[in-house]
Amino acid sequence: MPFREEDWLPSHEELDVPELQLTSSVLRAGSLYYGKYCDYQCKEFMLCRDETNDPRRCLNEGKEVTRCGFEFFSKVKTHCPDQFYDYWQCVDHSGNDMNFQNCRKTQNVFDECVKEKLGIERPYVGYFSKIRLHDTQRPRFQLPPHKLPEKIPEPPNTDTAPLPNRILD
């Protein structure tokens, strides 16, 4: 993507966000609840990204998704640490694809803990692929007016052009 002089790049301070230091098995084990808990923030980020088609304009929404992830996993760590530990360990050791199939017992224990202590029910199969309307308070992004280049001059009329005196070989 080429940049022009009027384009801006975010500063290092704007881009500096603490990352969730979690392994893939922890993220996979908590993914359904994380997705449901941070649904609003994720939809705000995706809406911003799709409307603007410019990730630089959505830094605050992205930071909000990360903040929500910290909040969710800290609540899980506070209220259901042993159940979650057993569940993600099972997912981690269930094979290369981290399949949930072998971890239904630990999953049920974790599901009950999250439901009881955090008030979040496990999303049903197809919940995230279902079409759901998102109500946002963010104003709709308006594209800046497109500046057209100056008019290109008309090509010369070849019918009135003089013929060359000699033809080159």
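I take a helix axis as a line fitted to C-alpha atoms over the stretch in contact, with angles running from 0 to 180 degrees between N-to-C directions. The model I am looking at is predicted.

**Entry: α2 and α4**

I looked up helix α2, residues 24–37, against helix α4, residues 59–79. Their axes come within 10 Å and cross at roughly 110°. Angles of 65 to 115 degrees count as roughly perpendicular, so I log α2 as roughly perpendicular to α4. I note the crossing of α2 past α4 as right-handed.

Next I listed who makes the contact. From α2 I have Val26, Leu27, Gly30, Tyr33, Tyr34 and Tyr37. From α4 I have Val65, Cys68, Gly69, Glu71, Phe72, Phe73 and Lys75. Sorted by class, the contact of α2 with α4 holds nine nonpolar, two polar and two charged residues.

**Entry: α2 and α5**

I then turned to α5, residues 81–92. The axes of α2 and α5 come within 9 Å and cross at roughly 115°. Here too I record a right-handed crossing, α2 passing α5. On the α2 side the contact uses Ser25, Val26, Arg28, Ala29 and Gly30. On the α5 side I find Phe84, Tyr87, Trp88, Val91 and Asp92. The classes for α2 with α5 come to six nonpolar, two polar and two charged residues.

I flag Val26 and Gly30, which I find in the α2 contact with α4 and again in the α2 contact with α5.

**Entry: second largest pocket**

Which residues lie nearest the centre of the second largest pocket? I get Leu22, Val26, Phe73, Lys77 and Phe84, out of 14 lining residues. I note its volume as about 290 Å³.

Which helix gives the most to this lining? That is α4, with six residues. Both α4 and α5 supply at least two residues each. By class I record ten nonpolar, three polar and one charged residues in the lining.

Note on methods:
Residues are numbered from 1 along each chain as its sequence is written. This is a predicted model: local features need pLDDT of at least 70, side-chain atom pairs count only at pLDDT 80 or more; totals for chains, interfaces and linings use all residues. Side-chain values use heavy atoms; hydrogens and water are left out. Helices (H or I, at least four residues) and strands (E, at least two) are DSSP runs, numbered from the N terminus. Angles under 35 degrees count as roughly parallel, over 145 as roughly antiparallel, 65 to 115 as roughly perpendicular and the rest as oblique. A crossing is left-handed if the near helix is turned anticlockwise from the far one by less than a right angle, and right-handed if clockwise. Contact means heavy atoms within 4.5 Å. Ala, Val, Leu, Ile, Met, Phe, Trp, Tyr, Cys and Pro count as nonpolar, Asp, Glu, Lys and Arg as charged, and the others, Gly among them, as polar. On a 1 Å grid over the protein atoms alone, a cavity is a set of points where a 1.4 Å probe fits but cannot get out, and a pocket is an open set with protein on both sides within 12 Å along at least five of seven lines; lining residues have an atom within 4 Å of a point. Grid points are joined across faces, edges and corners, and a volume is the space filled by probe spheres set on the points.
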